[in-house]
Amino acid sequence: MENRDQVAIESTTAQKERKASATRTIATIRFFAAAIIGIVVFFVKLPIQGAMILPIDWLTGKISGALAPYVLPIGLICSVYVLYKLYITKFWKGRPFEIVLNLMSLMAVFLFILHALGRVPQFFVDNGVYHNALNTLGKFSITIATIMFFLPPLITFGLPEALGVFARPITRPLFKLPGKSAVIIVSAFMGNFTVGHMQANELYTKGKINYKEAVIIATGFCTSSVGLIMSVLAAAGQMSRFTLIFVLLFVCTLAITCITVHIYPLNKYPTTYFEGVSPAPEEYEKGGNMFRLAYETGLEVAENTDSIIKECVLFGIKSLPVVANIYVCGIGAMIGFGLINMYTPIFTWIGMIFYPLIKLVGLQDVGVIASSIGVNAVDNVTSQLMLVTTPGIAPSSLIFGCGFGIMTIIFFGAYLASLYSTEIKIKFLDLVLIWFERTCLTVLIWGFIARLIA
């Protein structure tokens, strides 16, 4: 009897070991397959249709191009969700600036309906602000929605945690961030601010990073993409210096963020975790084989995931409501702030605050630069293009215009719509202060470099 029981126990143990081995094998395959797919899709240029291009850029270009004629119907569909959300959340009881953004969303919904009925007010037709916002945010939102379906291989299967083992000694002291944020830092800088916001929000709502870390990522690295850098450099006639300027922009962004995280208000943010989740902070083991530790860390995450295709589909579908809110609120914000900039000198006055710093670093075209910095508070694309396309501008001012909007990061248009669509809630006055700090540092650091390499 005892022998039979012993045999049964040994058989059960063997079955558990085989099951664990099989699970680990599947997790290993998922970990490496997802890592390869994520890196290739987002970071490796391939020869596609006669051009060297990132696969994700090719995919988003095809899909956004195919759906471009349907931006209005998509906007109307998104409006249904936004109206439902505004109603159930009782938006009129929120924070003042959130109420303002929600009112802008309602304005966008109203204009969508009028557009569908062929009744857009002539005022919006004449100044072009509505159609410009619709076309810009329509394509942008379709691009973001597409990216969300391909993002899980990069962030869900253990790659951030594995790379974090190597990045941790740098990210902790410099940026107050866990090593797992290293992938987000790179992908957010190279992708766009919404991709960064979504990645940070995913880690925050799952308890993998705390509130302070999420805020630092959202305000320090979620900038406006390599595509924007290329378009501005092309407009400035500086594409031959793309590699140099891109590397300098990335290094300067890291330096500015390194400074801002150690001063008020970011240094005062609490290290609390998202309500209702079990905190899973990054463990820091000193010594040992780092490659082995990275592998085991990534594998542990991969063991708790599903198939790559299923994770991609579920993550993409889960992201659609957020993208819908960005679509509607972003268009409302672009229209609202665009009208303020078009019919008042407010943003030019804002830019003149930095006049002494512009003079201090010795940049020429001080008035044009100050005006562009003010416009950057609303739209960093327009502000940079406005500066680099100014006739007769000095070489140093031209170089400055190629990158200042990248490093300031925060602007009060689509960026805010994207940020406030996540669970990473930041006080509006804190955002204004962080923007001011980053802009001061950008003028001083990037202004000096612009003079040096012009």
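Helix H14 supplies the largest share of the lining of the second largest pocket, namely five residues. The model is predicted, so to speak of local features a pLDDT of at least 70 is needed, side-chain atom pairs count only at pLDDT 80 or more, and totals for chains, interfaces and linings use all residues. Residues are numbered from 1 along each chain as its sequence is written, and side-chain values use heavy atoms, with hydrogens and water left out.

**The pocket**

A pocket here is an open set of points on a 1 Å grid over the protein atoms alone, where a 1.4 Å probe fits and protein lies on both sides within 12 Å along at least five of seven lines, and its lining residues have an atom within 4 Å of a point. The second largest pocket has a volume of about 740 Å³, a volume being the space filled by probe spheres set on the points, which are joined across faces, edges and corners. Its lining counts 26 residues, and Glu-161, Lys-180, Lys-208, Ala-280 and Val-301 lie nearest the centre. Two or more lining residues come from each of the helices H7 (152–155), H8 (159–175), H10 (193–205), H14 (290–302) and H15 (308–343); helices are DSSP runs (H or I, at least four residues) numbered from the N terminus.

**The nonpolar cores**

A nonpolar core is a set of buried Ala, Val, Leu, Ile, Met, Phe, Trp, Tyr and Cys residues joined through side-chain atoms within 4.5 Å, where buried means under 20% relative accessible area, exposed over 50% and partly exposed in between (1.4 Å probe, protein chains only). The largest core has 130 residues, and Tyr-130, Met-148, Ile-331, Ile-335, Phe-400 and Trp-446 have the most contacts inside it. Helix H15 gives the most to this core, with 14 residues. Apart from it lies another core of eight residues, including Ala-162, Val-165, Leu-293 and Ala-302. Once neighbours within four places in sequence are set aside, the contacts of Phe-400 (heavy atoms within 4.5 Å) include Leu-363, Ile-369, Trp-446 and Ala-450.

**Cysteines**

The structure holds zero disulfides, a disulfide being a pair of cysteine sulfur atoms within 2.5 Å.

| Cysteine | Nearest cysteine sulfur | Distance |
|---|---|---|
| Cys-222 | Cys-329 | 17 Å |
| Cys-402 | Cys-252 | 13 Å |

Cys-222 counts as buried because its relative accessibility is 0%, and Cys-402 counts as buried because its relative accessibility is 1%.
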